[in-house]
Number of protein chains: 2
Amino acid sequence: MNGLLDQLAAIVGANNVLNQGDLSAWELDWRKRSRGKALAVVRPGSTAEVAAVVQACAAAGTPLVPQGGNTGLVVGGIPDPSGTQVVLSLQRMARVRELDAANLAITVEAGCVLQTVQEKAREAGLLFPLSLAAEGSCSIGGNLATNAGGTQVLRYGNARELCLGLEVVTARGEVLEGLSGLRKDNTGYDLRDLFIGSEGTLGIITAATLKLFPQPAATLTAWAAVPSMEAAVQLLSLARRRLGAGLTGFEVMGQFALSLVARHFPQLRVPFVEESPYGVLLENADHESEAHARAGFEALLEAALEEGCATDAVVAENIAQARTLWHVRESIPLAQAEEGLNIKHDISVPISRIPDFCAETDALLAREIAGVRLVNFGHLGDGNLHYNVQAPQGGDAAAFLREQEHRVNTLVYEQVRRFGGSISAEHGIGSLKAGTLPQYKSPVALGLMRAVKQALDPQGILNPARVLESPR
Amino acid sequence: MNGLLDQLAAIVGANNVLNQGDLSAWELDWRKRSRGKALAVVRPGSTAEVAAVVQACAAAGTPLVPQGGNTGLVVGGIPDPSGTQVVLSLQRMARVRELDAANLAITVEAGCVLQTVQEKAREAGLLFPLSLAAEGSCSIGGNLATNAGGTQVLRYGNARELCLGLEVVTARGEVLEGLSGLRKDNTGYDLRDLFIGSEGTLGIITAATLKLFPQPAATLTAWAAVPSMEAAVQLLSLARRRLGAGLTGFEVMGQFALSLVARHFPQLRVPFVEESPYGVLLENADHESEAHARAGFEALLEAALEEGCATDAVVAENIAQARTLWHVRESIPLAQAEEGLNIKHDISVPISRIPDFCAETDALLAREIAGVRLVNFGHLGDGNLHYNVQAPQGGDAAAFLREQEHRVNTLVYEQVRRFGGSISAEHGIGSLKAGTLPQYKSPVALGLMRAVKQALDPQGILNPARVLESPR
């Protein structure tokens, strides 16, 4: 085995093969629930080095775990505890290779931090719209490998829809040179989208060409008090009709979720939290002017009040107010953590079915789990809810999770199945849900996925047991 | 072999197994350049029947050629001349299964004609934006199998980006139930996009759930006289910045292409054809009002005149005028045909490189091919040009094509390669370009494509020799 480490050191330099000291940054998962043990952490500095590392590992039969910013939520990017897997960190590959303003495209290496991509775009007067909580530390390679979502999906799509082309190192250590500034290319199978969302199990993304957009002239934020989930869906339809593509964000938050923010962050003013069952945060990005954006927003909210799908509303007067409203939304996970342990879900159902899903599932859980408290919030515009369950007030939260987590998951996922939904809308499968997936994915789909895995990684050395627990 | 036909008749009914009389509708390609010979044309009426047909053919080792409206441009949907391939026509599967307005989604069977999908959406006050010349007879299954493009890609993407989920019959005759009204679903590999654009070589699309959009309040059309291709790209940037997502169409047309329309369809008034090297057709879809759309359009064109990227411009006053402008654009292929035989290309390069590509390639062809006449037009907003070559005036056009077509293709494709482009932007590969593809696609990409084909269709019975000429 030392032979392999020597080979890896010869490829990337001894300084970039780590196997001593505290490797927590690569071995411990983001939510600090799982810790693996790496044979070594290898940090290549170029695509050629990644290819050589993969070739060496393939020859030795040693599995590789590709890793970006290590901010994933489904334990997909850390090694297992066996000490036999090499972590291949893309962090050193962080160059912006090219920004082509006339083609509205930027080419970056996988280790580029998402925020850096956003900033480079902004400096050129353009917009890279992918935006999510971990943007200060997640890397674009990981965003693509997990097909990240976030708050702008309603308008701009997931990471997949923001990608024009990829450079990928295959399981054999070949380089697929698929970087492309093309918006149309029908010359064969869609390999790009096969690698996107495959969580490093089919190939290692080393660089990507991404879509950019003109910066909007103004971006405004509003908050509406909404009487019910039905009303929230009605408001969404109204907003899409009236703002068109200007509607870039539509987040729904249940009263209990907001009350946790009010309780644990008293310095934050949570609009309408006392009187309204739901809050909705809307964002309107306008290519014309701030005045035009404001007029459109106010007309929309007036119509919503008239139609009864909102009972009150406020448009942020300036950027500071807008940030505060977003800050309330983004503080929900932290407030949840302050309140204590909880069970997280990342589900989607068709938007039209969300009101019935929530009504039925809320009632089911209340019936089945004494004292249950639902922290329901999410990207309603995408049909994506973080339908979380807080341990009952005052009880032993750790015991609750130990005893009830599996049962709660099963109750929620069975409801998701009944409503034609997904048990992982944006976070992926990783190792956390790999055991659960076969219960909710059709045998035909699983069979096709296994055939693809077998075809592209016959040795099974790329991120084994993630997504698919067993390759057969 | 009669055993198989009897089995097929038992599955779909004897009336729906055609193997006598004139089968031109299924055996002759859209551009009437190739004629195949089918063992039989089989017309199943349901997904279960499609699955049973595939199972019977797989057991007999008989290849299947899936076919929609038979409007493809790359000879991908007709049988080869051997008389051994079964044409599987999806035409009878033409139901709209569901329209879910609140979820902005419609589920249709593969044989649904594109125009029917557009009409069903419109009846519900919604928009299905895919739009192309053959929309009155092409089917949505074929649109997805070929990842169709068309005139609205700039804003809404190709067919791929308009699809939420697919129902597919696999090469083993299993049914992948992937219809989905979900906008986010990260539970495994992206099988949907693998089938989209695979031209029936990996599976048979039997139904799809498609994205719908709010109908814009007004759609306006303008025509600008443009002094050069550089100016056209500059106008595109300006229009994207000022109209944002309102810009739904941006078509460029060279003066010679337009002069052919003026010559062969004298009843059509072609704007600025005498004085301008290029014409640009712009479409602005506004969610607010016609007045707002017009004001935005006029302000844009004024700015373009000031910046010098347009020398003259006109906004259509009413729907009839707008239709006339689009009619001029859409008449170019017909005017070309009236002028005589020509060599067609469907290429893309990054938008920023289009001016240099055209300048260099125009000069190269003028140098290499005496009397060459370039009919250059296309979807500039997508970097997609139909960079066609008309036989020299007055000569023997048939002889020109016989002697020069291969050479012209090679000259153009080598230029496309130099500029990082694609030799098939929107039409696909079929059998027409399957022999050419290996010269312009990397061996790594071809190797991965073959591995995927082998994994999903190990018998090689689905549309053999299309896309990939040989599966190994």
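Predicted model: local features only at pLDDT ≥ 70, side-chain atom pairs only at ≥ 80, totals over all residues.
Local features need pLDDT of at least 70 and side-chain atom pairs pLDDT 80 or more, while totals for chains, interfaces and linings use all residues. Residues are numbered from 1 along each chain as its sequence is written, chains are lettered from A in the order in which they are written, and side-chain values use heavy atoms, leaving out hydrogens and water.

## The interface

In all, 80 residues of chain B are in contact with 80 residues of chain A, where contact means heavy atoms within 4.5 Å. The two chains bury about 6,200 Å² between them, 59% of it on carbon and sulfur atoms; this is the accessible area (1.4 Å probe) that the two parts lose on being put together, summed over both. In chain B, the residues that lose the most area to chain A are K184(B), N186(B) and Y189(B), together 17% of what that side buries.

## Symmetry

A rotation of 180° with 0.0 Å of shift along its axis superposes chain B on chain A, with an RMSD of 0.0 Å, by least squares on the C-alpha atoms of residues with pLDDT of at least 70 in both. The two copies are thus related as by a two-fold rotation axis, and the same surface serves both, since 100% of the contact residues of chain B recur in chain A.
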